Amino acid sequence: MQEFSDFAEEKYLGQIESDHANIKSRLTLMENTIKTVQGIIDIERTKSDRQLNHTVAIAGVGLATSQIASAAILAQLPDEPTPPTYKIYVFVVSLLIGAIIAFLTYKLLQKPRE
């Protein structure tokens, strides 16, 4: 058994060491490639998260403004019953105000930062 071990060491040890060195250098390149791809994925995920945050902010500001406009218009009404057509008018006007403010918020968030 010792003879086989010595023979194998003589014959294959050099080849194994050169294969190990070759694979180790390729492994380093592969690790660098994986890290680069992971960095690109993280950047894209951050962009996606930022876009979602902007969308939520725009919708929130628009809906809040619409609700405030509706409440302000309806607060000015006397205690008498109001016709349904006026309530529909208030609803539409408040939605338009909310849409305008949401659009302005969108434009503000699209403005490049210095």
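The buried residues of helix 1 (buried means under 20% relative accessible area, with a 1.4 Å probe and protein chains only) pack against helix 2. This is a predicted model, in which local features need pLDDT of at least 70 and side-chain atom pairs count only at pLDDT 80 or more, while totals for chains, interfaces and linings use all residues. Residues are numbered from 1 along each chain as its sequence is written, and side-chain values use heavy atoms, with hydrogens and water left out.

**Helix packing**

- Helix 1 covers residues 2-75 and helix 2 covers residues 84-110, and the two pack at an angle of about 145° with their axes 7 Å apart; helices here are DSSP runs (H or I, at least four residues), and angles run from 0 to 180 degrees between N-to-C directions.
- The contact (heavy atoms within 4.5 Å) includes His54, Ile58 and Ser66 of helix 1 together with Tyr86, Val90 and Gly98 of helix 2.
- By class, this contact has 15 nonpolar, eight polar and no charged residues, with Gly counted among the polar ones.
- Among the buried residues of helix 1 are Ala8, His54, Ile58 and Ile73.

**Salt bridges**

- There are two salt bridges, each a side-chain nitrogen of Lys or Arg within 4 Å of a carboxyl oxygen of Asp or Glu.
- Asp42 and Arg45 form a salt bridge at 3.7 Å, N to O, and both lie in helix 1, three residues apart.
- Lys47 and Glu44 form a salt bridge at 3.6 Å, N to O, and these residues are also separated by about one helical turn in helix 1.

How values were computed
Buried < 20%, exposed > 50% of the residue type's maximum accessible area, 1.4 Å probe, protein only.
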